[in-house]
Amino acid sequence: MWIFFGAILVVAALGYFKELRPSFEKSTPAQVVEVVSDNKAVQSFNVKDGKIVALAKEGKVALDVKDSKAKAKTAYDNIEIYDAKGVLTQTLAAQDNNVVITAGDKSDTIANATIVLKDSVKKKAPLGMVHVIQIFMLLAGALIIIFTKTDAGKISKNEIFRSGMIALVAVFGISWMAETMFTVHTPMMKAALGDIVKAHPWTYAVMLLLISKFVNSQAAALVAFVPLALNIGVDPAIILAFAAACYGYYILPTYPSDLAAIQFDRSGTTHIGKFVINHSFILPGLIGVITSCIFGYIFTGMFGYL
């Protein structure tokens with residue numbers, strides 16, 4: 001027990017003080033313009049929100065370096081850097097082995113230099129908390145087995161362990177199937193559901209509920225359907241009122257917590273019925289979502305959004 005609590009405390013400390021975690025160098029997408037002299041970058045421009053228009057010596061134009069996979073060794077004659085509003089902020093021009101940098105009325109010349117573009121930068125980032133948690137939980141498990149002299153062979157025979165593994169394997173298959181199904185048919189579903197919602201705005205809640213079940217994620221359902229609803233003219237107040245409809249996990253008992261609950265319940269009262277959809281979670285889920293949508297609609301009207 002103390003080993004487990006100790007691991008939790010260490011993980012909490014590493015989460016709060018990220019400087020205590022080991023750091024690793026990794027490449028991250030970026031739009032970078034470098035002025036290189038003697039194989040060293042003497043000046044660098046990291047364009048975060050804007051756009052780069054570049055003319056290479058062979059005449060190729062690279063728009064948005066982050067997507068064009070510009071090669072670091074490619075030399076460019078002219079570079080134009082635009083901000084997020086599309087305003088030209090800086091220009092770089094290669095002339096007679098020199099690079100002239102112009103920003104507004106000011107200009108600077110760097111001798112014996114070339115212009116290079118990069119679509120990534122190397123940064124040091126601390127080890128992610130997901131990996132930290134995994135490392136210390138595995139370490140805690142190993143220490144518990146070593147110091148408490150637990151019979152490792154009996155772990156796999158434990159009912160909770162078996163239930164968890166069954167749920168884990170089931171979720172992998174369901175997640176892959178849902179992702180494949182929804183990704184392939186997303187354009188068709190958006191077109192079909194969009195026409196219905198446009199004609200009958202109240203059906204937004206039903207459509208959102210179904211999409212939530214397809215993707216097994218409230219966030220993914222909102223990201224996929226809310227922009228579509230706004231584009232076809234659904235009142236934002238309707239979207240706000242029926243926000244609770246994004247919870248549709250329970251329609252089919254395929255979510256990890258559902259499967260785990262069924263496996264853990266030795267009494268048999270938590271179960272999946274003969275027709276699959278008549279399971280122990282369907283009524284509580286429907287009652288919760290319907291009630292939330294009704295009150296959401298009432299409150300939205302009360303506060304003057306409808």
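Which residues does F242 touch, not counting residues up to four places away in sequence? Hi everyone, let's start there. F242 touches W202, Y204, A205, L208, C293 and Y297, where contact means heavy atoms within 4.5 Å.

A quick word on the model. It is predicted, so local features need pLDDT of at least 70 and side-chain atom pairs count only at pLDDT 80 or more, while totals for chains, interfaces and linings use all residues. Residues are numbered from 1 along each chain as its sequence is written, and side-chain values use heavy atoms, leaving out hydrogens and water.

Back to F242. Together with Y204, L208, F225 and Y250, F242 touches the most other members of the largest nonpolar core, which has 27 residues. Such a core is a set of buried Ala, Val, Leu, Ile, Met, Phe, Trp, Tyr and Cys residues joined through side-chain atoms within 4.5 Å; buried means under 20% relative accessible area, exposed over 50%, and partly exposed in between, with a 1.4 Å probe and protein chains only. Helix 5 (204-215) gives this core its largest share, 7 residues. Helices here are DSSP runs of H or I with at least four residues, strands are E runs of at least two, and both are numbered from the N terminus. A second, separate core has 16 residues, including A54, I81, V99 and A113.

Now, is F303 buried or exposed? F303 is exposed, because its relative accessible area is 62%. You'll find F303 in the segment after helix 9.

Finally, strand 7 (residues 98-103) and strand 8 (residues 106-110) pair in the antiparallel sense over 5 bridges; pairing takes at least two DSSP bridges. T102 stands opposite S107 in strand 8.
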